[in-house]
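Here's a quick tour of how the chains in this assembly pack against one another. Have the viewer open while you read.

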Number of protein chains: 4
Amino acid sequence: MDKRVALLTQTGDYAGPELARRLVDGHHLVLHAPKAALVDELRRRGAEVEVVEGAEVDLRTAEGNNFLVERAISRFGRIDAVALVTGMSIITGRFLEITPEQWEHTKSENLDMAFYGLQALIPSMASQGSGDIVVFTSATGARPEPGVSTYSSTRAGANALVRAVGLEFARSGLCINAVGTNFMDFPGFLRASGADKDAERRAKIEAQVPARRLAGMGELSEFTAVHLEGKTRFQTGQFFSYSGGWSA
Amino acid sequence: MDKRVALLTQTGDYAGPELARRLVDGHHLVLHAPKAALVDELRRRGAEVEVVEGAEVDLRTAEGNNFLVERAISRFGRIDAVALVTGMSIITGRFLEITPEQWEHTKSENLDMAFYGLQALIPSMASQGSGDIVVFTSATGARPEPGVSTYSSTRAGANALVRAVGLEFARSGLCINAVGTNFMDFPGFLRASGADKDAERRAKIEAQVPARRLAGMGELSEFTAVHLEGKTRFQTGQFFSYSGGWSA
Amino acid sequence: MDKRVALLTQTGDYAGPELARRLVDGHHLVLHAPKAALVDELRRRGAEVEVVEGAEVDLRTAEGNNFLVERAISRFGRIDAVALVTGMSIITGRFLEITPEQWEHTKSENLDMAFYGLQALIPSMASQGSGDIVVFTSATGARPEPGVSTYSSTRAGANALVRAVGLEFARSGLCINAVGTNFMDFPGFLRASGADKDAERRAKIEAQVPARRLAGMGELSEFTAVHLEGKTRFQTGQFFSYSGGWSA
Amino acid sequence: MDKRVALLTQTGDYAGPELARRLVDGHHLVLHAPKAALVDELRRRGAEVEVVEGAEVDLRTAEGNNFLVERAISRFGRIDAVALVTGMSIITGRFLEITPEQWEHTKSENLDMAFYGLQALIPSMASQGSGDIVVFTSATGARPEPGVSTYSSTRAGANALVRAVGLEFARSGLCINAVGTNFMDFPGFLRASGADKDAERRAKIEAQVPARRLAGMGELSEFTAVHLEGKTRFQTGQFFSYSGGWSA
């Protein structure tokens, strides 16, 4: 078996589909919660694809992440590259109006997913002495702001966790980095920002981006793939903003 | 009533006692969980001191923080300055050995205390159009490292929360800043670092500090007081490391 | 001689006058280029003031800084605290329109003043095993932006120099920190930003500040003095933004 | 003409040779100061290569950079991608022993090369509405330290210049980023660090790297190429450390 094994989480939307297409030629794929059409397309291109989905795979828990990792290893024997998409819902609003339930939810999606994901993934990678993990977080983690105070705070926490854990396992041959996006052209962002409402609202959003546009998932996958394919392995514990210059 | 009103949490140890002594001349004091001897000393110096303690004041909850704030306002009518000590136990260890219970505990002390504390404190301060809050976090939040991966990650999250919330209420006249310490000469740090064991171990700890020493609580209170006394009010949403140069 | 000795540069404007007033009770003062009225005022308050001025004191050169330091030591025998005001003119404009002359000028004021100032000041302080230096730079150094590209770049360089040199001399008992201001209410900023033109323009400038106002020199001197008076000495190599929350 | 045009400076050593090999299939190449063998190799692979070298191309000056850019445009009509290698000599030592000559030299190589390089490159790229520039700086710019105080300070200044200028031209379609390396396995670093002396010294150097090794130029070119090939264009004004986790 010459191909590497890549595991991608939450592939129904956001970075997953384009990243799977980008990696398919060199990797067997373990896809968490993909759309059926994506799996069909990848298989038509000759990929071996393991699909993991359902209630057992709650990525906010140790059990869910362990289940996912065990399925991947059971099918392909190892994991070489992981794109861990953390967070799903972007909770915005004034700080004083954030409810305890929203706060718990945000911590769970933005922090627990990173914590339990890394705890589940690292042991086999450390044993094999190599492994590349990209944790998708948010560019707001590097630029906390009103309106996203709790969201950006927990994203900053996740970025810091990646820094510390990346440093801990650097000598074990792992590369663990965070990619934080903002202003991506996909349904989740368009809804959260209101850019799906009308052209005028979208133009206002774009005006906030130094690059004056939203980015496509295809170009994000180009940048992310370089951290997953194993050809450059001298960055770890680092945060990369992917936000049109909005945050550094 | 000419004196300002200062509220200090977790004053049994760490920054509280020296900060109370530093502020006592210009402030009425609301002290959470102080030692009796400190209260006696402050009262002998002529201070009006409100003591709030007991199981009702769980600072990891909305209820506990609201209880504390209500007691302060009920006694003195307002709050001008707050030193919010968050976190208590420093959980260290290898990342893969951090248990779910430790992770929950760390999030609760380092993040929930900041979140619920700020939510309870801000409304009355925003109404009065002024207020100075220092949230004590940790210098590790600005320098996440192995051994303190989850601790430093949640501290980074709290620092980011202070940034975002500070920006949100800057126009309301509030100054909300984080002071992150490391290498302080008090029982909690000495125990967590092992510097209480013997002189050799302490020397090793001190060698990690650019300044080659641990700091006293008196000098920390000098730096902190400047952000609480209302004489300089043009910094907010900022993080100040107090760590002998260890982190910036 | 019980008083400490403080040296302040470029005291004709900006931070110098208020800082001199703030420090005068506990310090003998060495003032570079003060206005005569300030010196009169300080002497009436009982201060011993050494004035150093004239063409020999070009602070962009080794010679100028050495001359200043020698005069201070010759008069008072030592230097305990220094506020090194670097930069004078704020050169703004589009990047492609910055001329080589402006670039040289900006490097000279923002970088050379810090470099030669620190080289002149440190030897006697390192010998005596103590000394507190604040280098005034700019908050733009922590938030480089179009319009101030070369100005903010060289300020960032100076902040980094303070970090490195602060770390180098931490074990020698020195505290060397940078304070970077923006949106200060003094003629230099008002002119550079256009806020001296009319009330409308000033309101626009203030709207860029999270705190929605400009700061006075008196409050800046309160914050700065805490780093100069020797009562708290556990921060070094650090950068402190003083900008109403504009940069962290 | 379907190929893009890439311009690489200081290609005699460091990143240039491997980057030229990595880009050669999709780009015409303008190489500053390459070794003859590299040019031969690239031409054998079918590349069109313009060589620019000699005393006229002093990259510390406006004239030198303009000369280089004009030659590139004269030959190929446009420039799409640039790897601007700034700095050459790594001046280390104690801060008080850095001479004025060394300081001038360091500013000139680390700052002037970036300033004049960007001023020469941007006009034609802004006219065409696209262009990708990577400025090679140093990871020490993000982690200033004793021993490299002036070197890291000027590198930090260059990183900040890239941030400001990147933001200024983001709306013009340019991507301008900095890549800061440390611990690269090439003669310049080996000499400056002493790692070329013996195996023991090299082992000590490697122990300072979280990844516990030096990196090859091939893997650096993999990371850099992704910012030059035009397939992902949503990062600008950013700094990327390439240092085995040593700096973030």
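## Chain A against chain B

Buried area here is the accessible area, with a 1.4 Å probe, that two parts lose on being put together, summed over both. This is a predicted model, and in it chain A and chain B bury about 2,900 Å² between them, with 73% of that on carbon and sulfur atoms. Three residues, A:Phe95, A:Leu96 and A:Trp103, supply 22% of the area that chain A buries against chain B, more than any other three residues. The contact draws 35 residues from chain A and 35 residues from chain B.

One of the salt bridges pairs B:Asp112 with A:Lys107, whose closest N and O atoms sit 2.6 Å apart. There are also 12 residue pairs in polar contact between chain A and chain B, both partners being at pLDDT 80 or more. As for who does the touching, α4 (100-128) and α5 (149-168) of chain A each put at least two residues into the side that touches chain B, and α5(A) gives the most, with 14 residues. Sorted by class, that side of chain A has 21 nonpolar, 7 polar and 7 charged residues.

## Chain B against chain C

Now for the other interface. Chain B and chain C bury about 2,700 Å² between them, 59% of it on carbon and sulfur atoms. The count of salt bridges between chain B and chain C is 0, but 18 residue pairs are in polar contact across this interface, both at pLDDT 80 or more. The elements of chain B that give two or more residues to the side touching chain C are α5 (149-168), α8 (217-226) and β7 (239-242). The largest share of that side, 4 residues, comes from α8(B). By class, the side of chain B that touches chain C divides into 15 nonpolar, 11 polar and 8 charged residues. The contact takes 34 residues from chain B and 34 residues from chain C.

## A closer look at C:Gln235 and α8(C)

C:Gln235 sits in the loop between α8 (217-225) and β7 (239-242) of chain C. Is this residue, C:Gln235, buried or exposed? It counts as buried, because its relative accessibility is 3%. A polar atom of the C:Gln235 side chain lies 2.9 Å from the backbone oxygen of B:Ser241. Beyond its neighbours within four places in sequence, C:Gln235 has contacts in both chains, among them B:Phe223, B:Phe240, B:Tyr242, C:Cys175 and C:His227.

The helix α8(C) is mostly covered, with 8 of its 9 residues buried. The buried set includes C:Glu219, C:Glu222 and C:Phe223. What covers the buried residues includes α8 of chain B, along with α1 (16-23), β5 (131-138), β6 (174-181) and β7 of chain C.

No contact joins chain A and chain C, whose closest C-alpha atoms lie 10 Å apart. Chain B and chain D don't touch either, their nearest C-alpha atoms being 10 Å apart.

Notes:
Residues are numbered from 1 along each chain as its sequence is written. Chains are lettered from A and ligands numbered from 1 in the order in which they are written. This is a predicted model: local features need pLDDT of at least 70, side-chain atom pairs count only at pLDDT 80 or more; totals for chains, interfaces and linings use all residues. Side-chain values use heavy atoms; hydrogens and water are left out. Contact means heavy atoms within 4.5 Å. A salt bridge is a side-chain nitrogen of Lys or Arg within 4 Å of a carboxyl oxygen of Asp or Glu. A polar contact is a pair of N or O atoms within 3.5 Å; within protein, one must be able to donate a hydrogen and the other to accept it, and residues adjacent in sequence count only if both atoms are side-chain atoms. Ala, Val, Leu, Ile, Met, Phe, Trp, Tyr, Cys and Pro count as nonpolar, Asp, Glu, Lys and Arg as charged, and the others, Gly among them, as polar. Buried means under 20% relative accessible area, exposed over 50%, partly exposed in between (1.4 Å probe, protein chains only).
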